[in-house]
Amino acid sequence: GRTPFHDACWRGELDLDLINMLLEHEPKLLMLNDKRGHSHLDYTRREHWVKLIPFLIERASKFQPADGEA
């Protein structure tokens with residue numbers, strides 16, 4: 001019930017190259033919760049947030065709804 005983003009964030013080592021590749025190919029997956037209602041950030045180790053959050057903010061345009069989408 002998880003997406004590849006959940007699994008990428010659950011890794012012991014933060015892999016920003018993998019997360020970037022997922023953003024390039026399937027950005028909508030970032031917005032999905034798993035079957036228990038958990039987001040990818042719920043799986044991210046807190047010590048990785050300091051790198052992951054700015055990384056995602058820099059790429060926010062990749063996962064914003066396009067005009068006409070809601």
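Analyst: We will go through the core, a helix, the salt bridges and a few single residues. Keep in mind that this is a predicted model.

User: Let us begin with the core. Which residues make up the largest nonpolar core?

Analyst: The general idea comes first. In soluble globular proteins, nonpolar side chains tend to be buried together. Now the case here. The largest nonpolar core has 12 residues in all. They are Phe5, Ala8, Cys9, Ile19, Leu22, Leu23, Leu29, Leu30, Leu52, Phe55, Leu56 and Phe63. Helix H1 (4–10), H2 and helix H4 (46–58) each supply at least two residues of this core.

User: Leu29 is in that list. Which residues is Leu29 in contact with?

Analyst: Set aside its neighbours within four places in sequence. Leu29 is then in contact with Thr3, Pro4 and Phe5. Phe5 is itself one of the core residues.

User: And where is Phe63?

Analyst: Phe63 sits in the segment after H4. Phe63 counts as buried because its relative accessibility is 17%, and the cut-off for buried is under 20%. Leaving out residues up to four places away in sequence, Phe63 touches Leu23, Pro27, Leu30, Met31 and Leu56.

User: Now a helix. Which residues of H2 are buried?

Analyst: Ile19, Leu22 and Leu23 are the buried residues of H2. Look at where they point. They cover an arc of only 100° around the axis, so they lie on the same side of H2.

User: What do the buried residues of H2 pack against?

Analyst: They pack against H1 and H4.

User: Which exposed residues does the face turned away from the buried side of H2 carry?

Analyst: That face carries Asp17 and His25, both exposed.

User: What caps the N-terminal end of H2?

Analyst: Asp15 does. One of its side-chain oxygens lies 3.2 Å from the backbone nitrogen of Asp17.

User: Leu16 is in helix H2 too. Which residues is Leu16 in contact with?

Analyst: Neighbours within four places in sequence aside, Leu16 is in contact with Leu52 and Phe55. Leu16 counts as partly exposed because its relative accessibility is 25%. Also look at Lys51. Leu16 and Lys51 are 35 residues apart in sequence, and their C-alpha atoms are 8.8 Å apart in space.

User: Next, charges. How many salt bridges are there?

Analyst: The idea is simple. Side chains of opposite charge can pair when their charged atoms come close. The count here comes to 3 salt bridges.

User: Where are they?

Analyst: Take them one by one.
Asp7 pairs with Arg2, and the closest N and O atoms are 2.8 Å apart. Asp7 is partly exposed, at 35% relative accessibility. Arg2 is partly exposed as well, at 39%.
Arg11 pairs with Asp15, at 3.8 Å from N to O. Arg11 is partly exposed, with a relative accessible area of 38%. For Asp15, also partly exposed, the value is 24%.
Arg59 pairs with Glu58, at 3.2 Å from N to O. Glu58 counts as exposed, at 62% relative accessibility.

User: What about Asp34: is it buried or exposed?

Analyst: Asp34 is buried, yet has no salt bridge. The nearest side chain of opposite charge is Arg36, 4.2 Å away. A salt bridge needs the nitrogen and oxygen within 4 Å. Asp34 lies in the loop between helix H2 (16–25) and helix H3 (40–43).

User: Which backbone nitrogen lies 2.8 Å from a polar atom of the side chain of Asp34?

Analyst: That of His38. Not counting residues up to four places away in sequence, Asp34 touches Gly1, Arg2, His6 and Tyr43.

User: One last residue. Where is Thr44 found?

Analyst: Thr44 is in the loop between H3 and H4. Thr44 is buried, with a relative accessible area of 5%. A polar atom of its side chain lies 3.1 Å from the backbone oxygen of His40. Residues up to four places away aside, Thr44 touches Cys9, Trp49 and Leu52. Cys9 and Leu52 are among the residues of the largest nonpolar core.

Terms used. Residues are numbered from 1 along each chain as its sequence is written. This is a predicted model: local features need pLDDT of at least 70, side-chain atom pairs count only at pLDDT 80 or more; totals for chains, interfaces and linings use all residues. Side-chain values use heavy atoms; hydrogens and water are left out. Helices (H or I, at least four residues) and strands (E, at least two) are DSSP runs, numbered from the N terminus. Buried means under 20% relative accessible area, exposed over 50%, partly exposed in between (1.4 Å probe, protein chains only). Lys and Arg count as positive and Asp and Glu as negative; His and the chain ends are not counted. A polar contact is a pair of N or O atoms within 3.5 Å; within protein, one must be able to donate a hydrogen and the other to accept it, and residues adjacent in sequence count only if both atoms are side-chain atoms. Contact means heavy atoms within 4.5 Å. A nonpolar core is a set of buried Ala, Val, Leu, Ile, Met, Phe, Trp, Tyr and Cys residues joined through side-chain atoms within 4.5 Å. The arc is that of the directions from the helix axis to the C-beta atoms.
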